[in-house]
Structures are given as structure tokens and as C-alpha cells.
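Me: I have a chain open here and want to talk it through. Can we start with the contacts of one residue and go from there?

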Amino acid sequence: MLTQRLPAETFTAEVALALADDALPGARAGLGVLGDAYAWLGLERGADGAVRVVHRFAEAVADRERDAAHPGPAPSGGRVRVRVEVSAGARCRFAYDAGGGWQPSGPVFAAAPWRWVGALLALFAAAPEGPGAAGTAAFTGFRVTPSRRRTCPFPR
């Protein structure tokens, strides 16, 4: 897991990711926002060997993750772009592009500070428990873009 504090009050972070063919069932990788609760969007290899786009979250008092959106098939090649748009108040909107343009995923997630460090932006890869390697996740094209602020409060 690679984390950093949220870089600005409003911004967009996006990355392309893929699970390699050697990834075992249960392997997953994605882009997340962590705090007392967390949410993430990414890829997971299912028990049937298929790779799916998944969006999950867990509340601070939860004992397990829940789906924030219905899992969907990853495109052939298993590569997808994911992003999170963070607006004022740490309101996070996740979206993915599996080749047909950006699709919103799940409800808005309100990031809350995590103990003394505040909310965190994260790239992660996780494997099921067990001995040996569980596969590879590749992250490419990571970027964080500040949101544009309007200088005039009136529409043009």
C-alpha cells in the first residue's frame, strides 16, 4: 500500500491498473481513500478466475467490506482506469473507464480523518493469505490534478 495525505481540498486522482494473468483468486488492486472509514475502486480476481471491476467500502465500525456498486466484468486484457474526484468537505466520487468512457460508480463517499493523520489517498495491491507469490498488479499513468476554481462567482 502506498499512501499520502489528501493533496488538496479539491482534486482528481486517476490511475490505470491491471491484474496479471498469474494473479490468484482473491487478488485485488485499486485506488482508495482511507480514514476512519474507507472506500476503493479497482480490480479483483474471483473464485472463477474472472477479473471484475469492484467498488467497496467499510465503515469505521464494520467488520467487513461491502459492495458500493454491483461488480462488473473487466475488459479483455484486464486493464481499467479508475479515478476519484474529491470535492469540498472530502466528498469522494469514484468512476472507472473500461474502454467505453468514464462511468460513475456507487454513491458519494465522505472521507473522514483517520486518527491524527487525516484522510489518505492510496494505491494498493492485496493477495489472499497463503504461502508464495499470489500474482502481480501493474499501476501506470498515476496523476493528481487540482480542481479548477472559478475566479468569478457568476456564470459566464
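**Contacts, core and sheet**

Reply: Leaving out residues up to four places away in sequence, Phe109 touches Val33, Ala37, Tyr38, Ala39, Ala90, Arg91, Cys92 and Phe94. Contact means heavy atoms within 4.5 Å.

Me: What sort of model is this?

Reply: The model is predicted: local features need pLDDT of at least 70, side-chain atom pairs count only at pLDDT 80 or more, and totals for chains, interfaces and linings use all residues. Residues are numbered from 1 along each chain as its sequence is written, and side-chain values use heavy atoms, with hydrogens and water left out.

Me: Which residues have the most contacts inside the largest nonpolar core?

Reply: Val33, Leu43, Val84, Cys92, Phe94 and Phe109, in a core of 31 residues. A nonpolar core is a set of buried Ala, Val, Leu, Ile, Met, Phe, Trp, Tyr and Cys residues joined through side-chain atoms within 4.5 Å. Buried means under 20% relative accessible area, exposed over 50%, and partly exposed in between, with a 1.4 Å probe and protein chains only.

Me: Which elements give two or more residues to this core?

Reply: They are β2 (11-19), β3 (28-34), β4 (38-45), β5 (51-58), β7 (79-87), β8 (91-97) and β10 (120-126). β2 gives the most, with five residues. Strands (E, at least two residues) and helices (H or I, at least four) are DSSP runs, numbered from the N terminus.

Me: OK, how many helices and strands in the chain?

Reply: Zero helices and eleven strands.

Me: And is it compact or extended?

Reply: The radius of gyration is 16 Å, close to the 15 Å that the globule rule gives for 156 residues, so the protein chain is as compact as a globular protein of that length. That radius is taken over C-alpha atoms, and the rule is 2.2 Å times the number of residues to the power 0.38.

Me: How much of the chain is buried?

Reply: Buried residues make up 40% of the 156.

Me: Switching to the sheet. What is the strand order in the open sheet of five strands?

Reply: β9-β8-β7-β2-β11, with antiparallel pairing. Two strands pair if DSSP finds at least two bridges between them.

Me: Which strands stand at the edges?

Reply: β9 (103-110) and β11 (137-146); each has a single partner strand, so one side of each is left without a neighbour in the sheet.

Me: How many bridges join β7 to β8?

Reply: Seven, and the two strands run antiparallel. Arg83 stands opposite Ala95 in β8.
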